[in-house]
Amino acid sequence: MAAPKTQGAVARLKERDDANLIGVGGVDREDSNSEDCILEPLSLPESPGGTTTLDGSPSVPCIFCEEHFPVAEQDKLLKHMIIEHKLVIADVKLVADFQRYILYWRKRFTEQPITDFCSVIRINSTAPLEEQDNYFLLCDVLPEDRILREELQKQRLKEILEQQQQERNDTNFHGICMFCNEEFLGNRSVLLNHMAREHAFNIGLPDNIVNCNEFLCMLQKKLDNLQCLYCEKNFRDKNTLKDHMRKKQHRRINPKNREYDRFYVINYLVRLSFRNLKFNCNTTNKFLKAN
Ligand SMILES: [Zn+2]
Ligand SMILES: [Zn+2]
Ligand SMILES: [Zn+2]
């Protein structure tokens with residue numbers, strides 16, 4: 001039942017350069033028991049925390065061994081798992097809560113053999129036996145993985161909406177205008193509206209923004225580093241930067257900078273329906289090509 005989809009995942013895997021599997025010979029797969037029904041709701045790991053590195057930053061353990069990696073360096077962990085344990089996680093960038101995702105599978109892999117969950121991909125299947133290699137692919141073709149990913153996304157969205165609500169009602173906001181240094185107390189919307197009206201600096205409606213403090217700090221830091229927010233070029237001093245941003249009408253943020261995505265609630269909603277969107281894009285493309 002899952003066969004055609006799994007082949008799709010394998011095709012995707014072949015395209016992924018971080019999996020370092022490009023250019024290898026034949027890729028075969030063996031069927032895994034991905035048809036297991038899930039009878040109980042998933043038990044998600046409690047609020048992560050638990051593990052921290054020596055310097056106190058949150059960390060994630062390897063699914064198989066006791067190696068830990070800082071959350072911010074998830075690529076290192078992924079690389080470790082590919083090299084040491086031959087595990088490839090598909091579309092990992094779409095996982096809403098990487099730490100919880102890993103902790104979940106770490107527990108499940110102690111309960112059942114890996115082949116219960118993963119497709120086996122044989123690399124170099126046309127080469128002599130000793131040069132062949134098996135990799136395990138964990139992806140959302142497995143119903144349990146799909147449900148886990150969806151649950152994590154829903155939970156992330158819930159947390160974001162709660163945070164947004166809290167910021168909306170917060171009257172203890174304190175911020176300084178990045179352009180004229182005027183101080184603002186009360187609600188974040190007062191400062192954002194001031195910057196939009198007085199300095200034509202518009203980052204969107206206050207209600208659509210989440211983690212506003214962090215967002216403003218990030219922007220302030222760029223300006224402190226004498227960087228234009230729009231073209232992101234660096235300048236030699238504050239006045240040159242100011243003149244540049246005013247004259248070139250660069251008093252706005254760079255819309256191509258993906259760093260800002262997480263400050264807009266809409267992006268969390270879009271992510272939740274990403275699967276549908278992807279599907280729609282594909283069908284649209286096919287439609288356009290056919291016509
Ligand atoms: Zn490991
Ligand atoms: Zn101002
Ligand atoms: Zn600029």
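I started with C231, and I asked myself: is C231 buried, exposed or partly exposed? C231 is partly exposed because its relative accessible area is 27%. My cut-offs: buried means under 20% relative accessible area, exposed means over 50%, and partly exposed is in between, with a 1.4 Å probe and protein chains only. H250 has a relative accessible area of 11%, so H250 is buried.

Notes on what I'm looking at. This is a predicted model, so local features need pLDDT of at least 70 and side-chain atom pairs count only at pLDDT 80 or more, while totals for chains, interfaces and linings use all residues. Residues are numbered from 1 along each chain as its sequence is written, chains are lettered from A and ligands numbered from 1 in the order in which they are written, and side-chain values use heavy atoms, with hydrogens and water left out.

**Zinc ion (ligand 3)**

I looked up what holds this ion: C228 (SG), C231 (SG), H244 (NE2) and H250 (ND1) coordinate the zinc ion (ligand 3) at 2.0 to 2.3 Å. Donors here are N, O and S atoms within 2.8 Å of the metal (3.2 Å for Na, K and Ca); water is not among the atoms, so sites may look incomplete. Along the sequence I read the donor spacing as C-x2-C-x12-H-x5-H. C231 sits in the loop between α6 (212–224) and α7 (238–247), and H250 in the loop between α7 and α8 (265–272), so I noted a pair that links distant parts of the chain, 19 residues apart. Helices (H or I, at least four residues) and strands (E, at least two) are DSSP runs, numbered from the N terminus. The site is tetrahedral, with angles of 99 to 115° among its four donor atoms. Four donors count as tetrahedral if all angles lie between 85 and 135 degrees.

I also checked the UniProt record: an unreviewed entry puts "domain: C2H2-type" at residues 226–255. UniProt positions are in the numbering used here, feature names are shortened, and annotations may be inferred rather than shown by experiment. That stretch, residues 226–255, is 33% helix and 0% strand.

**Zinc ion (ligand 2)**

Which residues coordinate the zinc ion (ligand 2)? I found C177 (SG), C180 (SG), H194 (NE2) and H199 (NE2), at 2.0 to 2.2 Å. C177 is in the loop between β7 (173–176) and β8 (183–186) and H194 is in helix α5 (residues 188–199), so this pair ties together parts 17 residues apart in sequence. Both C177 and H194 are buried.

**Zinc ion (ligand 1)**

The protein donors of the zinc ion (ligand 1) are C62 (SG), C65 (SG), H80 (NE2) and H85 (NE2), 2.0 to 2.3 Å away. Their angles run from 97 to 125°, which makes the arrangement tetrahedral.

**Helix α4**

I tested the length of α4 (residues 143–169): at 1.5 Å a residue its 27 residues should span 39 Å, and its end C-alpha atoms are 39 Å apart, which agrees. The expected span is 1.5 Å times one less than the number of residues. Buried residues in α4 include L148, L152 and Q153.

**Last checks**

V88 is in strand β4 (residues 87–89), and V88 counts as buried because its relative accessibility is 1%. I counted up the protein too: nine helices and eight strands, with 41% of its 291 residues buried.

Note on methods: Tetrahedral: all angles 85-135°; square planar, octahedral: opposite > 155°, others 65-115°.
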